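Subject: Structure to look at

Hi,

Here is the structure I promised to pass on. Have it open while you read, and my notes will follow below it.

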Amino acid sequence: MNDSNTAARQPDVRPAPMQRNAKSANRYGELQAARPMIECREVHKYYGDYHALRGIDLDIREGEFFSLLGPSGCGKTTLLRTIAGFEDISSGVVLIDDKDMAAVPANKRPTNMVFQSYAIFPHLTVAENVAFGLRRDPRSKSEKAAAVDEALKMVGLTGYGNRAAHALSGGQRQRVALARALILKPKVLLLDEPLSALDRKMREQMQVELIKLQRQVGITFVLVTHDQEEALVMSDRIAVMFEGQIAQLDEPESLYARPVTRRVADFIGVMNFLPATILSEDGEVIRVDVEGLGEIELAHSQVARNEDPDAGPMIGFRPEAVSIFPAGQSQTAPRQNGGTIDEVVYYGDMTYYDVRLDEEDGTQSKPVRISMRNVYGRDVSCVGDRGVIGWAPSSLILFR
Amino acid sequence: MKGGGLRAYAIAYLIFLYAPILLLPIFAFNSGTIIAFPLKGFTTEWFGQMVANATLRRAFTNSLIIAVSSSIMATCLGIFAARASTRFNFPGKPGIMGLIMLPLVLPEIIVAMSLLVVLLAIGVQLSIFTVILGHTLICLPYAIAILSTAFNSLDKSLEEAAYDLGETKWSAFRLVILPLVMPGIVSALLMSFTISLDEFIIAFFLAGNEPTLPTYIFSQLRFPKAIPVIMSLGTVLVVMSIVLLTIAEYFRRRGVARTGQKDHGGFL
Amino acid sequence: MSAPRFDAEARQGLAMVSPPLIYAILLLAAPLLTILAYSFFKDGYLEVIREFTLENYRAVWTDPVFHKIMLRSLGVAVAVTLATVLLAFPVAYFLSFVVKPERKALWIFLITIPFWTSYLIRVFLWKVILGHNGVINSSLTGLGLIDEPLGFLLFNVQAMVITLAHAYAPFAILPIYVALEKIDRSLLEAGRDLGESRLMTFWRVTLPLAMPGVIAATLIVFIPTIGDYVTPELIGGGKIPMIANMVQANMLALDNKPMGSALAITAMLIVTVVSLIFLFFNRRFLRVQQ
């Protein structure tokens with residue numbers, strides 16, 4: 001795996017987008033009703049003594065844009081490669097389009113792959129690269145040429161056919177790799193960290209293009225990435241993997257808003273954690289006392305798992321779930337606490353404030369991160385300023 | 001200018017490397033029968049004698065047969081070894097590769113003597129065939145070194161991509177790997193050819209009564225009269241080496257350009 | 001549960017490597033083992049008597065001629081190695097740090113050409129240069145600087161060292177150059193940035209990082225020089241043998257194969273020990289690098 005997972009853990013400082021591109025209620029309905037294209041049942045993979053995949057159970061639906069997200073070494077690439085057929089599984093079953101893939105080698109599977117390095121054949125031209133998989137295709141030469149032209153057009157490389165492949169830029173190689181795979185009309189397109197080698201601007205542009213392309217061809221896409229933002233932007237559903245297991249499989253919004261474990265919450269976006277004490281618990285509510293926030297009643301639906309039992313219960317909330325205004329300014333939030341600004345990080349459209357919350361005993365909590373959209377006419381507060389923090393109990397998650 | 005002193009030193013070093021070799025054409029075209037200054041006059045007589053010499057022609061033919069055969073054998077075996085060592089993990093790999101590469105760090109006299117002892121013991125007639133066997137053995141590590149570089153510079157996913165696009169393992173090798181390592185194969189062939197052509201020790205002990213160019217040269221060095229002819233032969237050999245190396249370098253560069261790598265320069 | 005794929009890969013790898021492996025076993029390992037066995041056998045007239053004995057080794061190790069020749073071989077090889085490596089380092093440094101990237105291939109090409117031109121002829125040319133009627137003597141007499149040809153030029157150890165140093169000169173440059181090329185240039189800038197002079201940066205950063213190349217160069221020159229056969233024959237006039245000539249003489253001229261084998265094995269052991277010492281240094285430097 002290439003990048004260190006620190007890149008994934010400290011994503012881009014801007015919060016992940018809540019609104020996804022090309023989202024439509026219609027698409028969700030269709031996808032939910034769609035039959036599974038890939039089914040993994042109890043898939044295990046060992047390398048010698050190393051247990052790389054620890055019982056993967058997974059359905060990927062037909063026509064879905066699916067992401068495998070996790071830090072390096074979590075097994076996401078191994079899982080992708082077992083689907084492609086490059087790795088044999090030690091036990092379990094992989095079905096693609098209802099067929100058991102156990103005896104089907106990679107070259108006979110209805111999948112095609114876009115490699116992390118793109119694997120563009122350097123001794124061939126762009127057109128020869130795209131036509132590579134058509135060698136055994138019974139169609140005539142001119143029909144194949146037309147298919148190549150169409151594939152190149154689809155990825156925006158019309159007229160590049162005669163270029164030498166090794167002279168292309170990173171983004172262009174990526175497009176050739178896409179055209180080369182899609183021309184074979186696979187049932188599943190597998191993408192192994194396809195955007196990691198691109199610079200940031202190019203990456204964002206390709207994200208949008210990939211979404212559009214997937215909508216256009218309707219093929220099931222399975223993307224491997226360590227970049228949580230990329231997964232949130234592009235996917236219909238995401239499987240978050242740690243240590244060879246799937247920790248959570250959900251739609252992006254649910255993953256972001258309702259992580260099922262503390263580790264998932266920590267991996268996706270930024271989350272503040274404050275130590276909490278559970279006061280009482282009944283069938284309806286859990287009453288907790290939180291450092292800096294005071295006593296709160298939470299519903300059972302707001303509870304997630306904390307993998308580290310020694311850490312004790314924690315309350316988690318996203319930076320944008322809380323707001324801060326200068327002291328004295330009126331607020332509408334249901335709950336309000338005082339606090340002191342410890343650090344100000346200015347990002348143009350956003351400002352991050354690290355704020356220490358006042359405790360009843362006169363001390364202050366450890367700093368929590370609060371993000372505020374910078375609105376015209378509102379001043380950015382300074383370090384040391386007092387502020388009022390507004391929040392609602394419904395935006396909190398209890399990890400225990 | 002930066003490194004001016006170093007540059008002067010490097011140029012002096014090059015002159016030191018080439019100076020003795022430059023004597024070859026000087027005396028090859030000198031009409032004096034003794035290799036000494038001052039020069040007498042210009043002649044091509046020595047080249048004429050060289051071409052007319054039947055033993056020399058036989059030695060030349062033998063050397064060519066040996067060099068062609070052993071370079072092909074060494075390169076073919078080298079492809080297997082280089083592919084195995086760059087692409088697969090198998091038990092005992094360091095030991096196996098160590099044994100195959102051993103001639104690189106073994107004095108040639110040891111290789112020659114031990115082969116000779118065995119060949120004599122099992123009663124094999126010494127001939128150019130036994131020289132081919134020995135030359136293949138010592139060319140193999142060089143071929144592997146060149147081919148391993150060629151195989152190593154290939155992204156493993158190229159092969160997987162071909163396989164993924166529906167080719168079999170063999171056709172993926174033929175369509176993708178082979179064309180990409182072809183410059184390396186040509187380099188390995190030429191390099192082995194040059195080594196074999198120049199090799200003396202093994203040819204000296206394993207050829208029996210068959211002359212090869214180096215053993216012929218060695219046998220003639222005792223006779224002062226034969227030296228001018230040897231000088232012209234040496235001139236021809238040096239020119240041949242330069243031509244072969246230039247071709248090898250051309251293929252290496254083309255390989256580099258073809259796969260769009262950065263040129264780090266040089267063999268090995 | 002073990003991984004079946006590893007076994008499949010191992011099988012494929014072994015199958016792939018088997019042709020060259022079988023070749024090396026038949027033509028390298030078997031002959032080496034044969035002379036190892038021979039070295040423990042007795043010598044009879046025109047045959048080898050298959051009886052275990054350590055007599056050959058005792059004879060080799062107590063033979064003052066062997067001592068003299070082995071020491072001479074070591075001395076020549078060490079002198080040649082020192083000369084080639086010391087002379088080659090500045091050239092490798094120049095190639096790596098001064099020559100523009102696009103010119104490097106040309107320089108390396110120029111340096112490698114003599115490396116691939118007939119070794120025998122290169123050695124012989126020194127005889128032509130240093131000989132009684134050679135280039136030096138005839139030039140000097142021609143210029144009237146000397147009356148009699150200088151006799152001390154040829155047929156001695158110094159002449160052998162010069163010849164071998166010239167013959168193996170290009171061998172030393174390439175490994176040092178490769179090691180220098182691998183050095184991250186920002187390390188040198190860091191050295192300068194941290195207040196060291198150019199010279200001290202070279203001493204404290206460049207040289208230690210180049211050591212693996214220097215040691216590789218040392219081995220590449222040392223091993224073939226110590227086993228050289230041609231130079232003592234041509235430049236030494238056959239009167240100053242080195243170990244290779246002694247092995248050959250025992251094996252063929254004297255037809256004492258067990259003795260020749262014991263000599264060869266002993267020589268190999270000595271070369272191996274010296275090489276291992278170098279490799280040990282190399283490993284230390286490599287560890288420092290990692």
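Here's one to start with: leaving aside neighbours within four places in sequence, which residues is C:Asn133 in contact with? The answer is B:Ile34, B:Ile35, B:Ala36 and C:Ser138, where contact means heavy atoms within 4.5 Å.

Before the rest, some ground rules. This is a predicted model, in which local features need pLDDT of at least 70 and side-chain atom pairs count only at pLDDT 80 or more, while totals for chains, interfaces and linings use all residues. Residues are numbered from 1 along each chain as its sequence is written, chains are lettered from A and ligands numbered from 1 in the order in which they are written, and side-chain values use heavy atoms, with hydrogens and water left out.

**Chain C**

Back to C:Asn133. C:Asn133 counts as partly exposed because its relative accessibility is 47%. On that scale, buried means under 20% relative accessible area, exposed means over 50%, and partly exposed is in between (1.4 Å probe, protein chains only). C:Glu148 is 15 residues away from C:Asn133 in sequence, and their C-alpha atoms are 10 Å apart in space.

Next, go to helix α11 of chain C, residues 243-253. How many of its 11 residues are buried? Eight are, so this helix is mostly covered. Among them are C:Ile243, C:Met246, C:Val247 and C:Met251, along with C:Asn245 and C:Gln248. Just after α11(C), look for C:Asp255, which takes a positive phi of about 50 degrees.

Helix α12 of chain C covers residues 257-289, and C:Phe280 lies in it. With a relative accessibility of 52%, C:Phe280 counts as exposed. Together with C:Val273, C:Ile277 and C:Phe281, C:Phe280 makes a nonpolar surface patch of about 390 Å². Patches are made of residues with over 30% relative accessible area and no salt bridge; like charges are joined within 9 Å, and nonpolar side chains (Val, Leu, Ile, Met, Phe, Trp, Tyr) within 5 Å. The areas come from the Shrake-Rupley method with a 1.4 Å probe, and for residues only the protein chains shown count as cover.

**Chain B**

What is chain B built from? It has 11 helices and zero strands. Its C-alpha atoms fill a box of roughly 70 × 65 × 30 Å along the principal axes. Of its 268 residues, 57% count as buried, and the accessible surface of chain B is about 10,800 Å², with 70% of that belonging to carbon and sulfur atoms. Among contacts in chain B with a separation of 6 or more, 69% come from residues 24 or more positions apart.

UniProt, in an unreviewed entry, lists residues 60-248 of chain B as "domain: ABC transmembrane type-1". Positions are in the numbering used here, feature names are shortened, and annotations may be inferred rather than shown by experiment. That span is 80% helix and 0% strand, and its end C-alpha atoms lie 22 Å apart. The unreviewed entry also lists several stretches of chain B under "transmembrane region", including 96-122 and 226-248. Residues 96-122 are 74% helix, with 26 Å between the end C-alpha atoms, while residues 226-248 are 96% helix, with 33 Å between theirs.

Chain A is divided into domain 1 (1-16 + 267-400) and domain 2 (25-257), with bounds from an automatic or database domain assignment. Their centres, taken over C-alpha atoms, are 37 Å apart.

A search of the whole structure finds 29 salt bridges over all chains. The test is a side-chain nitrogen of Lys or Arg within 4 Å of a carboxyl oxygen of Asp or Glu. One of them pairs A:Glu39 with A:Arg41 at 3.4 Å; A:Glu39 counts as buried at 12% relative accessibility, whereas A:Arg41 is partly exposed at 31%. Another joins A:Arg81 and A:Glu87 at 3.1 Å, and both of these residues are buried.

Cheers

Key
Helices (H or I, at least four residues) and strands (E, at least two) are DSSP runs, numbered from the N terminus.
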